[in-house]
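Here are a few exercises to work through with the model open beside you. Try each task before you read its solution.

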Amino acid sequence: MDAYLLSQYVLSGLVIGLIYSLMALGITFIYGIMKMINWSMGEFYMVGSYVQYALLATFLGWELWWVALPLSMVSVFLLGVVVQRFLLRPMYVGGIERRDEYATIITIALMVLFRNLAIVVGGPNQFAPRDYARATTLLTLPISGNRMVALVSTVLLLLLFYVLTRKTWLGRAFRGAAQNRVGIQTAGVDVLRLDMLAFGVGVALAAAAGALLAPDFLVYPENGAISTFKGFEIIVIGGLGSLMGSVVGGLLLGLIEALGSVFLSPAYKDLYGFVLLLALLAFRPTGLFGERERTV
Amino acid sequence: MLNALRTFSLAAVAAAALATPAFAQAPVKIGVLTPLSPPGDATAGQFIVRGAKMAADEINGQGGVLGGRKIELVVEDDAGTPEKGVAGLRKLASQDRVVAVVGQFHSSVTEAVQTLAEQLKVPVFLTQASAKSLTEKHLTYTFRTHVIDPDRVTLWNKWIMQQGFKRVAILAENTDYGVGLIEETKKQFASMNVKAELKTIIFDRAVVDLTPQLLEIKNWKPDLFINVGIGTPMYLISKQAFDVGLTPATPMLISYDAPSRPEYWKNLGEKGTYATFIVYYHPTMKLTPRGEAFRTRYLEQFKEQPVYGGLNAYAQVMLLADAINAAKSDKPDDIVKALLSTKFTGWNGTITFTRGEGPYWQQWTPPMLFLQYTKENQPFTEAKIIYPPELKTGDLMMAPKR
């Protein structure tokens, strides 16, 4: 095996794995706080990419992608807050017994709704923002400027997220809610408001991935499907509810796909992650960093 | 007395209904079953609908068919998926009662649709579905006015030999179209004695990151790279091949006419430069009076050059109207008989449907040309024809080093 090609594959896998970990982080964060799976995560990714494209194509111009990125995240954050307030909150205040089923039905319905809205608003065609930066080289890997920007931005967002959850009062409240929703209420925290913020932050992370990858992976109504799929793979590998698991799971998935491509065939790249996933489910069902849930 | 009055009133209403032109002149319905949403190539579908609508307007403007009946189009979205294609055809045939269906674009969809069309006895026209197997089955209700893949492969193999390419790599999607093209190329490399090495990779159409596949191809050092993606995958391959440095240094041949669409440059920018692509229509082509009239009206209406999908759908609806008139009937079986026994005017020549051997069954083939863009944002009208030799207006231009 050519070491040069091997290094290219590994780098390519690690880069895309880390970017996909943003999606996984969003899914696992929402799950951690609200104890629900958001199946429409890919559609928030898609909305993020559309908002980014619309801002650049109409108001800001192609050079100001770095202004559009936080605006896209804020827009999707607000959308998430509205969705949580009016569609998901009843799950926690009403007498709904089967919350999991309720959340599944609502988020799958949202998935269908957003995809169709995208077709109605933007048409069925694909769009592409202009490149954020010129193509470059990362060690041995020729890489698009967009993916380089996405990589750096992902690292910054992960750091920001770490600071938010570890160093701020809000972060402590999030961690408290993740540990015990009832307990945190005894400390005077409005857990329903916290849910709203958590859902908004989680989907804003998906929107960031969508906006960052828009020039490379295009903007179209179904562009969130693969990233959601990868996001779920990553959280099963890393462990549901674990923030560290999202990052390590993303890197590991990228690495496995790269090694499979080198030593077997790149044609089946997406299969290798599933082999890892099945192996983990067999030997460590909670994932690498997940813990068994305790019920009292 | 009341009963007599009621009976008289009902009889009068029935007589009036039968006598009105609206009842006597019920429209003849033609279905357009084509991709209008992802994962299908929705842009292609929109051009097909445009062409079909223009044909219906033209026919209706000239008095309709069968002595005054209007043509009514019923458009259904197959979304590029077999299950939606089958559901669409079932609705068109049983609910809308269409007499024929045009607009089929994805071969995988047509594969499912044509089986049902045989059961429902509805003629189906393939507008841009090119898999060989579709007409090779010798079905009664399947008609095609588009190229077939063996012819496409024969042409690119001849081009490969003429250019003297020694290492050819193909990246193809996992559809009937993509897999069929790879198999056909392997077969014809042997039968045509093409003196070049061939590397083929098939990818899942849903995948968006093709970097590993493209890195492997780049490191194999091909001197021709063939992009067999349809719709979004074609753009993803083109973009990412440029990003890993495979293109434009290595010439890229796009397997169909998507670069002729206005969206091409919007989506690719400089990454689309130096691409070579296969088309079936070029604005400098001499057309039949029917084709020329369509081109003029299209330019007036949409302020852009027509693309092949629109032209072909237009011609299919026009020839269906001719067949209905020739058959003096709107019954599908009569239309099939007329289709097989009549000569029709297409957009660039006369169309006949014969029952030839192999895939040449109820098949009419348009011309194929290889074009190349040599600068960014180059209009389709200015793209050079680089193959076949008898029509070429320039040679393949290699990209300068980046």
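**Exercise 1. Work out how strand S1 (residues 28–34) of chain B sits in its surroundings, buried or exposed, and which strands it pairs with.**

Start with burial, where a residue counts as buried if 20 or more other C-beta atoms lie within 10 Å of its own, exposed if 12 or fewer, and partly exposed in between, with C-beta atoms placed from the backbone. By that count 6 of the 7 residues of S1(B) are buried, so the strand is largely enclosed by the rest of the structure. Strands here are DSSP runs of E, at least two residues long, and helices are runs of H or I, at least four, all numbered from the N terminus.

A word on the model: it is predicted, so local features need pLDDT of at least 70 and side-chain atom pairs count only at pLDDT 80 or more, while totals for chains, interfaces and linings use all residues. Residues are numbered from 1 along each chain as its sequence is written, and chains are lettered from A and ligands numbered from 1 in the order in which they are written.

Next, the pairing, which takes at least two DSSP bridges between two strands. S1(B) runs parallel to strand S2 (residues 71–77) of chain B, with 7 bridges; B:Leu33 has B:Glu76 as its bridge partner there. To get from S1(B) to S2(B), the chain goes through helix H3 (residues 42–61) of chain B in a right-handed β-α-β crossover (clockwise from the first strand over the helix to the second, with the strands pointing away from the viewer). S1(B) also pairs in the parallel sense with strand S3 (residues 100–104) of chain B, over 3 bridges, and B:Gly31 is bridged to B:Val101.

**Exercise 2. Find which element gives the most to the side of chain B that touches chain A.**

First count contacts, meaning C-beta atoms, placed from the backbone, within 7 Å: 30 residues of chain B meet 30 residues of chain A. Then look at the suppliers of at least two residues each, among them H3 and helix H9 (211–220) of chain B. H9(B) comes out on top, with 6 residues.

Technical notes. Two residues are in contact if their C-beta atoms, placed from the backbone, lie within 7 Å.
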